[in-house]
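I opened my notebook to look up a few things in this structure. Come along and follow my entries one by one.

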Amino acid sequence: MAAYAESPIPTGDADFQTIWTFIKQGMDHIMTNPQESLTNNGYMGLYTCVYNFCNGSLILSGAKNSSKPAGRTRLKPGCPELYSNLVQYFVGYIVKIRDASDSLTNEALLRYYAREWDRYSMSVTHVDRAFKPFNRYWVVRKTYEGKNHVYPVSTLAILLWKRDFFVSLQKTSRNITPSVLKLIEARRQGENTDESVVKSVLNSFVSLGMDENGEASLGVYEEHFEEPFVAATEMFYVTESQVLSAKTTLSGYLKRAEEILRVEKDHIQLCLDTNKRERLTSRCEQLLVRDHAEKMWDGFQQLLENDQEEDLERMYRLLARNPGGLDPLYPKFEAVVKHAGQVAIANLVRKDGPNVGVLKPKLYIDTLFYVYHKYQSIVEKRFNSNKAFVSAFGKACQSFINSSTAPGESTSKVSQILVNQVDGLLRKSSESLGNGELEHGLNQTAVILKPGYPGESSISFDFRVCGAFIWPLKPPSHDFVVPWKLKSLSTAFSSFYQMRNSGRVLKWLWNHCKSELHTNYLSRSYILVTSSYQMAILLQYNSAETHSLGELSTVTLLPRDLLSRVLAPLVKLKILIAEGHEHYRLNFDFRSDNTRVYTDVALEAVEDDIKTTEDDVKALEDRKRLIQFTVSKCVKDYKRIKTQSLIQETLTRLNNRLSPTIKEIKVAIEVCIEKEYIGRVEGQRDTLFHIP
């Protein structure tokens with residue numbers, strides 16, 4: 001090619017044969033060696049030659065000595081001849097390639113076609129760039145003049161390949177479409193195939209969609225590949241699914257079906273346009289999953305009972321592809337979990353005695369926790385924490401954990417066993433029971449408590465520890481039976497706190513507690529914000545619709561006069577209905593405009609009047625001194641500080657111990673100034689400084 005690069009570029013007024021000879025030499029090099037192409041000088045020489053021919057040498061109007069001014073009148077008449085030579089050149093090149101393929105068939109022909117197409121399309125791209133002046137000046141003008149069969153060089157080359165090679169090839173028995181489909185099927189069967197061959201052939205189908213008007217379309221691709229490919233794919237998977245279903249176990253079918261869909265996803269992405277992929281993907285899922293869903297549903301329970309977790313995960317992923325595909329599994333899963341829990345309890349009964357109450361609480365809790373943890377792990381790891389499976393799991397646990405009796409002859413409440421377990425853990429000394437073992441035991445008990453009783457309101461529980469010398473709060477002077485759920489948690493927390501803070505004593509201020517009860521017995525859900533006393537009363541209505549004042553007093557141990565005051569807001573809001581003499585019935589027609597209904601009454605209305613005592617006065621004084629100390633310490637740390645910043649800093653530092661009001665902090669600031677702990681900067685009333 002060095003000779004071509006060094007050849008002189010024909011001028012615009014050179015004869016056509018000289019110009020075409022130069023152009024043809026450049027095209028020969030490009031078409032035979034597209035990867036190497038021309039050197040920069042060679043490429044620029046070809047481009048310049050075409051440019052000069054189209055634009056540089058124009059016939060001038062008038063004679064040399066004419067008085068008429070010279071001017072450009074028309075393009076050189078050799079342009080049509082150049083276009084004709086290009087057509088002949090491409091046709092000759094294509095026919096030579098076509099004739100060389102006469103002895104090839106099947107995959108050998110496919111590889112040959114893909115290789116030659118890649119070379120041809122790349123070469124045409126380079127040639128088209130060199131012919132930009134020709135496309136711009138002559139082709140555009142002819143198109144404007146209405147010449148319908150004049151195309152840019154790249155379009156011309158594609159149309160000629162389609163006419164003289166592709167169409168003639170597809171009309172013979174050597175049609176390349178079946179070869180493409182065979183190559184794809186071989187890959188489906190696990191054979192190693194060359195994806196680049198398929199990709200090149202499909203690229204040619206897309207490019208050849210251009211019609212005689214030069215408009216691009218997917219017509220060739222759709223006719224010669226997409227339609228046969230979709231039909232062949234459906235046929236393949238109809239046969240494959242039937243063979244798999246008949247000859248393999250459910251486990252084998254799940255594994256193979258998932259592998260097929262994974263491989264087919266790659267095929268579809270390689271072979272189909274984005275807009276066409278969804279339809280074929282859905283069809284494959286129909287053949288492999290939806291048509292065999294009943295077999296999967298029927299085998300689900302066996303996989304679950306045999307602990308085949310990987311197969312369960314595969315089944316979940318397959319059925320989750322289709323709307324409603326998982327629906328039949330939810331009740332099956334619930335039934336299996338419920339049965340597993342009942343069997344575990346029944347085995348304990350047969351082994352250690354007919355009465356569950358005589359069983360060791362730890363053994364009983366460990367057994368329940370094992371079943372709970374096993375199926376919870378399946379839901380989280382294998383079913384991706386699917387909400388419907390979580391719900392089914394919860395219902396099953398409610399059934400076997402919180403049932404009032406164990407299978408068979410037992411009459412002991414599960415709640416009593418849980419209480420005994422917590423009590424047993426807390427009675428052991430820290431020396432005989434390590435911190436880790438105690439926390440593990442309490443955590444197990446808390447997990448078993450979580451499912452709750454079916455139909456019972458949910459309870460939110462939060463602990464706060466207040467210093468007795470800071471908060472002037474007194475525990476109730478009367479007895480109160482804490483609901484067993486809260487009793488277990490409060491007892492566990494008391495033990496935990498005492499382990500961390502030796503020598504301190506916790507006193508539960510149930511008269512200052514609030515609770516949130518979520519109702520589920522009405523057509524609409526409400527959140528009842530209640531006092532702890534009201535919560536204890538309302539929880540009794542899970543077992544009966546009506547209770548007398550005496551019954552409620554016996555159960556809660558609250559004095560009757562206090563109990564009447566606690567019930568008054570519930571009756572006023574019509575949550576309970578007073579009937580006859582001191583009887584209260586649950587109102588199933590309760591309505592409220594607000595989702596959150598506040599039933600808790602003011603502290604002074606439900607607690608005995610608190611008289612100021614010397615202890616109360618001392619606690620208030622201690623509170624004031626703590627605020628004053630914090631104010632002084634803040635000013636000392638900052639040297640100088642604005643009043644507003646000091647208030648915020650004091651609130652932040654005391655947040656974990658008490659919650660002073662802004663008024664209390666301002667009073668403390670004035671006291672500190674009076675005692676000369678701090679002072680105001682002269683001329684800046686809102687700035688304070690520390691006095692050493």
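**Entry 1: strands**

I began with strand E8 (residues 640–642) and strand E10 (residues 684–690), which pair in the antiparallel sense over 3 bridges. Strands here are DSSP runs (E, at least two residues) and helices are DSSP runs too (H or I, at least four), numbered from the N terminus. Two strands pair if DSSP finds at least two bridges between them. I found Arg640 opposite Phe689 in E10.

Strand E9 (residues 678–681) also pairs with E10 in the antiparallel sense, over 4 bridges. There Val681 stands opposite Gln684 in E10. The hairpin of E9 and E10 has 2 residues between the strands, and Gly683 takes a positive phi near 85° in this hairpin.

A note on what I am looking at: this is a predicted model, where local features need pLDDT of at least 70 and side-chain atom pairs count only at pLDDT 80 or more, while totals for chains, interfaces and linings use all residues. Residues are numbered from 1 along each chain as its sequence is written, and side-chain values use heavy atoms, with hydrogens and water left out.

**Entry 2: a serine in a helix**

Next I looked up Ser632, which lies in helix H25 (residues 614–638). Is Ser632 buried or exposed? Its relative accessible area is 15%, so Ser632 is buried. The cut-offs are under 20% for buried, over 50% for exposed and partly exposed in between, with a 1.4 Å probe and protein chains only. Leaving aside neighbours within four places in sequence, Ser632 is in contact with Tyr677, Ile678 and His690. Contact means heavy atoms within 4.5 Å.

**Entry 3: the whole chain**

I then stepped back. The protein chain has 27 helices and 10 strands. Of its 692 residues, 42% count as buried. Among contacts between residues at least 6 apart in sequence, 69% join residues at least 24 apart.

**Entry 4: cores**

Which residues touch the most other members of the largest nonpolar core? Phe90, Phe131, Phe134 and Phe333 do, in a core of 122 residues. A nonpolar core is a set of buried Ala, Val, Leu, Ile, Met, Phe, Trp, Tyr and Cys residues joined through side-chain atoms within 4.5 Å. A second, separate core has 29 residues, including Phe480, Trp510, Leu562 and Val566.

I listed the contacts of Phe333, again leaving aside neighbours within four places in sequence: Phe300, Leu304, Tyr375, Val379, Phe383, Phe389, Ala392 and Phe393.

I also checked Val180 in helix H8 (residues 177–188). Val180 counts as buried because its relative accessibility is 0%. Beyond its neighbours within four places in sequence, Val180 is in contact with Leu110, Val198, Val201 and Phe225. Val180 and Val198 are 18 residues apart along the chain, yet their C-alpha atoms are separated by 6.4 Å.

**Entry 5: aromatic rings**

How many aromatic pairs does a search of the whole structure find? The search finds 31. Rings of Phe, Tyr and Trp (its six-membered ring) pair if their centres lie within 6.5 Å; planes under 30 degrees apart count as stacked, over 60 as edge-to-face and the rest as tilted.

Tyr372 and Phe393 form a tilted pair, 5.1 Å centre to centre with 50° between the planes. This pair links distant parts of the chain, with Tyr372 in helix H16 (residues 361–382) and Phe393 in helix H17 (residues 387–401), 21 residues apart. Tyr372 counts as buried at 7% relative accessibility, and Phe393 counts as buried at 7%.

The rings of Trp508 and Trp510 have centres 5.4 Å apart and planes at 15°, so this pair is stacked. Trp508 is partly exposed at 24% relative accessibility, whereas Trp510 is buried at 10%. I also noted a cluster linked by ring pairs: Tyr89, Phe90, Tyr93, Tyr113, Trp117, Tyr120, Trp161 and Phe165.

**Entry 6: asparagines**

My last stop was a trio of names. Asn106 has a positive phi near 50° although it is not glycine, and its place is in helix H5 (residues 106–130). Asn106 is partly exposed, with a relative accessible area of 48%.

Asn384 has a positive phi near 55° and lies in the loop between H16 and H17. Asn384 is exposed, because its relative accessible area is 59%.

Asn511 sits in the loop between helix H20 (484–500) and strand E2 (514–518), and counts as buried at 7% relative accessibility.
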